[in-house]
Amino acid sequence: MTVEKQVEAIVKALEDRKGMDIKVYDVRGKSSLADFFVVATGTAAPHLKALIAESQSVMKESGVQSYRTSGDPESGWIVVDYVDVVVHVFSPEARAYYALEKLWA
C-alpha cells in the first residue's frame, strides 16, 4: 500500500467516525519523522478512542500495523505512528494548546 493510499484510508476512517477538522500535512523534505501527518479533532475522550480504534482497524485490514501508539484519551491527545504516516487525534482544547498546524502549515 502506497503512503498516499495509507493517508486516504486513515482520513476516510476518521471521517466515518465523525472526526472533525481533519488536516493532512505533507512533510516530505521538512521532517525525517514521517512523510505525512494527519491531524483530527474529537469531541471527548470516548470519541478520541473511537477515532483511533477505527483508523487502526482499517490500517490493520490493509496489512499496515502501527509501530507505536502513545497518549491517552483522557489527556486529550493520542498519537499513532505508522512510520510513513503519523496520526494525531486531539480534543479541541489540546489541539488549540499544542497548535501543530503552526509547525507544518
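**Entry 1: Ser-91**

I started with Ser-91, which is found in the loop between S5 and helix H3 (92-98). The names come from DSSP runs, numbered from the N terminus: helices are H or I runs of at least four residues, and strands are E runs of at least two. Before going on, I noted that this is a predicted model, where local features need pLDDT of at least 70 and side-chain atom pairs count only at pLDDT 80 or more, while totals for chains, interfaces and linings use all residues. I also noted that residues are numbered from 1 along each chain as its sequence is written, and that side-chain values use heavy atoms, with hydrogens and water left out.

Is Ser-91 buried or exposed? Ser-91 is buried, with a relative accessible area of 12%. The cut-offs are these: buried means under 20% relative accessible area, exposed means over 50%, and partly exposed is in between, with a 1.4 Å probe and protein chains only. Next I looked up what Ser-91 is in contact with, where contact means heavy atoms within 4.5 Å. Leaving aside neighbours within four places in sequence, Ser-91 is in contact with Thr-41, Gly-42, Leu-48 and Gly-76.

**Entry 2: the sheet**

Then I turned to the strands. Two strands pair here if DSSP finds at least two bridges between them.

In what order do the strands stand? I read S1-S2-S5-S4-S3, an open sheet of 5 strands with mixed pairing. Its edge strands are S1 (20-26) and S3 (68-72), each of which pairs on one side only. From one strand to the next, the twist averages 10 degrees.

I went through the pairs at the S3 end. S3 and S4 (residues 77-81) run antiparallel and are joined by 5 bridges. Arg-68 stands opposite Asp-81 in S4, and Asp-72 stands opposite Trp-77 in S4. S4 and S5 also pair in the antiparallel sense, over 5 bridges. There, Val-79 has His-88 in S5 as its bridge partner.

**Entry 3: hairpins and positive phi**

I checked the turns next. The hairpin of S3 and S4 has 4 residues between the strands, and Gly-76 takes a positive phi near 90 degrees there. The hairpin of S4 and S5 has 3 residues between the strands.

Val-83 sits in the loop between S4 and S5 and is partly exposed, with a relative accessible area of 47%.

Lys-18 is another non-glycine with a positive phi, of about 65 degrees. Lys-18 belongs to the loop between H1 and S1, and with a relative accessible area of 63% Lys-18 is exposed.

**Entry 4: helices on the sheet**

Now the helices. For the angles, axes are lines fitted to C-alpha atoms, for helices over the stretch in contact, and angles run from 0 to 180 degrees between N-to-C directions.

H1 (residues 3-16) packs on the sheet and touches S1, S2 (36-41) and S5 (85-90), and its direction makes about 5 degrees with that of S2. H2 (residues 45-61) lies across S2, S3, S4 and S5, running at about 10 degrees to S4.

**Entry 5: H1 against H2**

How do H1 and H2 cross? Their axes come within 8 Å and cross at roughly 140 degrees. H1 and H2 are therefore oblique to each other. The rule I used: angles under 35 degrees count as roughly parallel, over 145 as roughly antiparallel, 65 to 115 as roughly perpendicular, and the rest as oblique.

I listed the residues that make the contact: Gln-6, Ala-9, Ile-10, Ala-13 and Leu-14 of H1, with Leu-51, Glu-54, Ser-55, Val-58 and Met-59 of H2.

Glu-54 is buried, with a relative accessible area of 18%. Not counting residues up to four places away in sequence, Glu-54 touches Ala-13 and Arg-17.

Leu-51 is buried too, at a relative accessible area of 0%. Leu-51 and Leu-14 are 37 residues apart in sequence, yet 5.7 Å apart in space, C-alpha to C-alpha. Again not counting residues up to four places away in sequence, Leu-51 touches Leu-14, Arg-17, Lys-18, Gly-19, Thr-41, Gly-42 and Val-89.
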